[in-house]
Amino acid sequence: MAPPPLLPAACLACTLAMFGTGLSDLRQMLATKSVENIQFLPFLTTDVNNLSWLVYGCLKQDPTLIAVSAIGAALQTLYILAYLYYSPAKRPVLLRSLLLLAVLAAGYGYFTLLIADGRTRLARLGLFCSVFTISMYLSPLADLAKIVRSKSTRCLSFPLTVTTFLASTSWTLYGLQLRDPYITDAQPGTPLASGKPSSGSTHLPAARKDQPQPREGSGHGAGLGQRGHTEDGSTDRGHTALTPP
């Protein structure tokens, strides 16, 4: 059953808005010419997630899934290249990137060479994508517990929370409309899919005048965790879990 015309557009717009929250990291790297307080692993995992959903969309011949996943993968790859360029320790970053390529090559070989039946291939790839996306959604629960204990939203990125919630909701409706369990199940409930509670559930204590204000964190790829500032001052970008791509 084909979804209403506005539903694919909503999925595309909301997911791209969610991916766009990560552009602040790119701007910071370009402005400071450094990767200080920026984590590399979320870029890598979100890129894997995007590429996995891209292959699933190609097998399913879903233009919406293909478009969102392709743009998301391109953005995450751009973030990875910028991080590699400005990182003073290029060897660990390069090794992780090569590990990503090895994993992708192994996955491609498994799904294309070892699984001959097209329906079985689509089902197993969809299951992998769904499980991987859910695992990225569940990763911010540690931050959620920290927010509840401290009653502070310092590590909460409100723009990423809102865009992830909207993207997850639109993809849930899209999956239900297509009767695709892998797309639907990749959204583990829209309240949880936003990664963290709404800003109204906690309060931010007033900052002392001699204490610098924390910079608002921003996301992504994805889907799925927010980026904020941790207690040691580093930037916790979290997972931008893909919803679903």
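Visitor: How many helices and strands are there in the protein chain?

Guide: The protein chain has 10 helices and 2 strands. Helices (H or I, at least four residues) and strands (E, at least two) are DSSP runs, numbered from the N terminus. Read from the N terminus on, the order of elements is α-α-α-α-α-α-α-α-α-α-β-β. Please keep in mind that this is a predicted model, where local features need pLDDT of at least 70, side-chain atom pairs count only at pLDDT 80 or more, and totals for chains, interfaces and linings use all residues. Residues are numbered from 1 along each chain as its sequence is written, and side-chain values use heavy atoms, with hydrogens and water left out.

Visitor: What share of the residues in the protein chain is buried?

Guide: Buried means under 20% relative accessible area, exposed over 50%, and partly exposed in between (1.4 Å probe, protein chains only). Of the 245 residues in the protein chain, 47% are buried.

Visitor: Which helices do the buried residues of helix 2 pack against?

Guide: Contact means heavy atoms within 4.5 Å. Helix 2 (residues 23-32) has Ser 24, Asp 25, Leu 26, Gln 28 and Met 29 as its buried residues, and these pack against helix 3 (41-60) and helix 4 (63-86). Just after helix 2, Lys 33 takes a positive phi of about 55°.

Visitor: How many residues does helix 5 have, and what is its reach?

Guide: The expected span of a helix is 1.5 Å times one less than its number of residues. Helix 5 has 25 residues and reaches 35 Å from its first C-alpha to its last, close to the expected 36 Å. Its buried residues are Val 93, Ser 97, Leu 100, Gly 109 and Phe 111. Helix 3, helix 4 and helix 6 (118-138) are among the elements that cover them.

Visitor: Why does Leu 98 count as partly exposed?

Guide: Leu 98, in helix 5 (residues 90-114), counts as partly exposed because its relative accessibility is 46%.

Visitor: How many disulfides does the count come to?

Guide: A disulfide is a covalent bond between the sulfur atoms of two cysteines. The rule here asks for a pair of cysteine sulfur atoms within 2.5 Å, and by this rule the count comes to 0. For Cys 11, the closest cysteine sulfur is in Cys 14, 7.4 Å away, so the distance is too far for a bond.

Visitor: Are Cys 11 and Cys 58 buried or partly exposed?

Guide: Cys 11 counts as buried because its relative accessibility is 0%, whereas Cys 58, at 44%, counts as partly exposed.
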